[in-house]
Amino acid sequence: MTRNPHDEPRSEDESLAAFEAQRRRLFGIAYRILGSAFEAEDVVQETWIRWHLCDRSAVRDVGAFLATTATRIAINVLNSARSRRETYIGPWLPSPVDTSDDPLLGAENAEALELATLLLMERLTATERAAFVLREAFTYPYPRIGEILRVSETAARQLVSRARKHLAVDAMHAVDTSAQKRLFRVFLDAARGGDAGALESLLAADAVSYTDGGGAVRRTARRPIQGSEKLQRFLLGVATWFWDDVTVELVDANGRAGAVLWRGSRPFALLTVAIRDERVTRIFWVMNPAKLASLAPLALPEGMSC
């Protein structure tokens, strides 16, 4: 690889500037691999430390070096995190991020960003997940993916292919962003109003609701609620009390329409849904306080609440 003199920092200030220019991409890669904004930030910080301590005069391509470092750190973090997630109290969901104007992720497209997709990606091995993210979200060529993951180009292709096969069935017939936004609003109105007829027409027969309270929130379902009939009973039951004194603010989280639910000055839940064939197939309630700490910036300006 030929050294590009414009990419080679000559001072500490230039070194910092070179890193900051890549920060969004590094966060975007790490977040998609981990499904955790907090762990992704830790990866970015660790990448900075390694960049600061390395022999930067030997680095030929700053972006390539930092992306490789962040990816490898994220894979190690994911392998460690999965053992913790196995003992997580109740369903584990990815932590949401603000994508109203994509201020953090800096990705070329929204692939592997939706909460439903991130949850499905838990099925993948760490290297499959990393390969899928690099290819689908950041369009890295297969030889480069192989270099980052220390595998051959053929192996990199196989990793991406296996990941696609694991995710393909669930991704079929998913609706576009505008349709998801429209149907989310219909679902939200039906859930808040306890509209049995609307809920029956909206929910897919195999719909599932996941509530992530992390063991820190009382009165949350610690197991997924599966099936349209059970979900209708659940939503109609909570409609009599859950929405009392709740302020609902529409957001764009993880590339999809959602709502931050507030009581007083603090958010207590993020609600969003996945749609397939014009029906709600997945309902996500992120209620773990640790995952809601960054939700305040998600809220839209006054006048946009519903």
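**View 1. A six-stranded open sheet in a predicted model.** In this predicted model, six strands form an open sheet with mixed pairing, in the order β2-β1-β6-β5-β4-β3. Strands here are DSSP runs of E with at least two residues, helices are runs of H or I with at least four, and both are numbered from the N terminus; two strands pair if DSSP finds at least two bridges between them. β2 (225–226) and β3 (247–253) each have a single partner strand, so one side of each lacks a neighbour in the sheet.

**View 2. Strands β1 and β6 side by side.** Six bridges join β1 (residues 203–212) to β6 (residues 279–286), and the pairing is parallel. Look for S209, whose bridge partner in β6 is I283.

**View 3. Helices on the sheet.** Helix α9 (residues 177–193) packs on the sheet and touches β1, β3, β4 (256–263), β5 and β6, where contact means heavy atoms within 4.5 Å. The direction of α9 makes about 120° with that of β5; axes are lines fitted to C-alpha atoms, for helices over the stretch in contact, and angles run from 0 to 180 degrees between N-to-C directions. α11 lies across β1, β2 and β6, at about 55° to β1.

**View 4. Lining of the second largest pocket.** Among the 18 lining residues, V217, T220, F242, F268 and M287 lie nearest the centre of this pocket. A pocket is an open set of points on a 1 Å grid over the protein atoms alone where a 1.4 Å probe fits, with protein on both sides within 12 Å along at least five of seven lines; lining residues have an atom within 4 Å of a point. β5 gives the largest share of the lining, three residues.

**View 5. Where to read with care.** pLDDT, the predictor's confidence in each residue from 0 to 100, has a mean of 88 over the protein chain. pLDDT stays under 50 over residues 299–306.

Residues are numbered from 1 along each chain as its sequence is written, and side-chain values use heavy atoms, without hydrogens and water. Local features need pLDDT of at least 70 and side-chain atom pairs 80 or more, while totals for chains, interfaces and linings use all residues.
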